[in-house]
Amino acid sequence: MAKRAREVTAVRRPEVRLPPLAPHGPAELETEGDYDGLEFRNLDLSGQGGNGSRFMDCGFYGCVLDETRLAGARLIDSVLSGVRGVGTDLSRASLRDVELHDVRMGGVQLHGAVLERVLIRGGKIDYLNLRDAELRDVVFENCVLSEPDFAMARLDRVAFAGCELRRADFTGTRMKDVDLRGAAVLDIARGVDRLAGAVITPAQLVDLAPAFAAEVGVRVVG
C-alpha cells in the first residue's frame, strides 16, 4: 500500500485582543523607547527613529511610516491597520502576535527579522524585503505582494491564502509546511528550485511547469 502523503501542518494564527489604549502624545519616537498600551492614530511618523524600541499591546491606525526607522524593534501583541509608508526600516525587528490589516507600503525592510504568529491581511506591499528572515506561523491573506524578496529566508508554517504573489524571489529559501495552494496568483521569478517543503495544487504545477523545465535545463519545443 502506498504511503499516504503527510498533510501540511496548519499555521497558528495570532489572536490579538488589545486592552483599552491610551493615546500617544505629540512626542516623537525615541531610540530604545518603551511603549506599552498606546494608540498611535493618524500620526505622521515619517523620518522618526525608534530603533531598538519595544511596542507591547499597541495599535497603529492610519499612520504614515515613510522612512521611519524601527530597526531591531520588538512588536508584541500589536495591530497595524491602514498604515502606509515607503522605505520603512524594520530590519532585524521581532514581530510576535502581530496583525497587519489593509496596509499600503513599499520597500519595507524586514531583512534579518523574526516574524512569529503574524497575520498580514488585505492591502498591498511592493518590494517587501524579507531576505535572511525567519517566518514561523505567518499568514498572508487576501493581499498583494509585488516582487517580494524571500531570498535566504526560513519559512516554517507559512500560508498564502487568497493573496497575489507577483515576481517572488525564493533564492536560497528554506521551506517547511509552506502552503501555497490558496494563492490567487503564484508568479515566481527566481528560486523555483527551492519549493521543497511547500505544497501546491495540480493547476499551480502546470503553471509552474515552464519554470521547472528551465531550472533542470529541459527545452520544450512544439
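**A chat about the model**

Guide: Let's start with Asp-97, which counts as buried because its relative accessibility is 12%, where buried means under 20% relative accessible area, exposed over 50% and partly exposed in between (1.4 Å probe, protein chains only). Keep in mind that this is a predicted model, where local features need pLDDT of at least 70, side-chain atom pairs count only at pLDDT 80 or more, and totals for chains, interfaces and linings use all residues. Residues are numbered from 1 along each chain as its sequence is written, and side-chain values use heavy atoms, with hydrogens and water left out.

Visitor: OK, which strand is Asp-97 in?
Guide: Asp-97 sits in strand β8. Strands (E, at least two residues) and helices (H or I, at least four) are DSSP runs, numbered from the N terminus.

Visitor: And what is Asp-97 in contact with?
Guide: Leaving aside neighbours within four places in sequence, its contacts are Pro-14, Val-16, Ile-76, Asp-77, Ser-78, Glu-116 and Arg-117. Contact here means heavy atoms within 4.5 Å. Also, the C-alpha atoms of Asp-97 and Val-118 are separated by 5.6 Å, with the two residues 21 apart along the chain.

Visitor: New topic: how many cavities of 30 Å³ or more are there?
Guide: The search of the whole structure turns up one. On a 1 Å grid over the protein atoms alone, a cavity is a set of points where a 1.4 Å probe fits but cannot get out, and lining residues have an atom within 4 Å of a point. About 210 Å³ of space lies in the largest cavity; grid points are joined across faces, edges and corners, and a volume is the space filled by probe spheres set on the points.

Visitor: Which residues are closest to its centre?
Guide: Of the 18 lining residues, those are Leu-80, Leu-90, Leu-95, Leu-100 and Met-105. β8 gives the most to the lining, with four residues.

Visitor: Last one: is Gly-25 buried or partly exposed?
Guide: Gly-25 counts as partly exposed because its relative accessibility is 37%.

Technical notes
On a 1 Å grid over the protein atoms alone, a cavity is a set of points where a 1.4 Å probe fits but cannot get out, and a pocket is an open set with protein on both sides within 12 Å along at least five of seven lines; lining residues have an atom within 4 Å of a point.
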